[in-house]
Amino acid sequence: MNEEIQGVFVVKNERAEFRKVDTGITGTTDIEVLKGVEEGDTIIIGSYKIIRTIRNDARVKVDNRPPVMINTGS
């Protein structure tokens with residue numbers, strides 16, 4: 001049996017580090033994390049498709065710039 005482990009990737013020394021987490025309340029877009037990350041950890045976010053391709057210990061670059069909105073005008 002292949003058990004699915006709930007977890008997140010955090011940035012540690014410019015590398016992705018997988019952390020198993022215990023979760024609580026789950027909403028449409030939010031999940032309460034009860035155990036597994038600490039205050040101040042930088043969690044890697046993105047689309048499900050992208051997150052599924054990240055590998056433990058992969059080199060990462062933090063980009064906290066807000067998304068750019070493009071006005072196409074009509």
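1. Ground rules. The model is predicted: local features need pLDDT of at least 70, side-chain atom pairs count only at pLDDT 80 or more, and totals for chains, interfaces and linings use all residues. Residues are numbered from 1 along each chain as its sequence is written, and side-chain values use heavy atoms, with hydrogens and water left out.

2. The strand pair. Strand β4 covers residues 31–35. Strands here are DSSP E runs of at least two residues, helices H or I runs of at least four, numbered from the N terminus. Strand β3 (residues 22–26) runs antiparallel to β4, and 3 bridges join them. Pairing requires at least two DSSP bridges. A hairpin of 4 residues links β3 to β4.

3. Exposure of β4. Of its 5 residues, the number buried is 0, so β4 lies largely in the open. Buried means under 20% relative accessible area, exposed over 50%, and partly exposed in between, using a 1.4 Å probe and protein chains only.

4. A closer look at V33. V33 lies in β4. Its relative accessibility is 34%, so V33 counts as partly exposed. T23 stands opposite V33. Leaving out residues up to four places away in sequence, V33 touches V21, D22 and T23. Contact means heavy atoms within 4.5 Å.

5. From V33 to F9. These two are 24 residues apart in sequence. In space, C-alpha to C-alpha, V33 and F9 are 13 Å apart.
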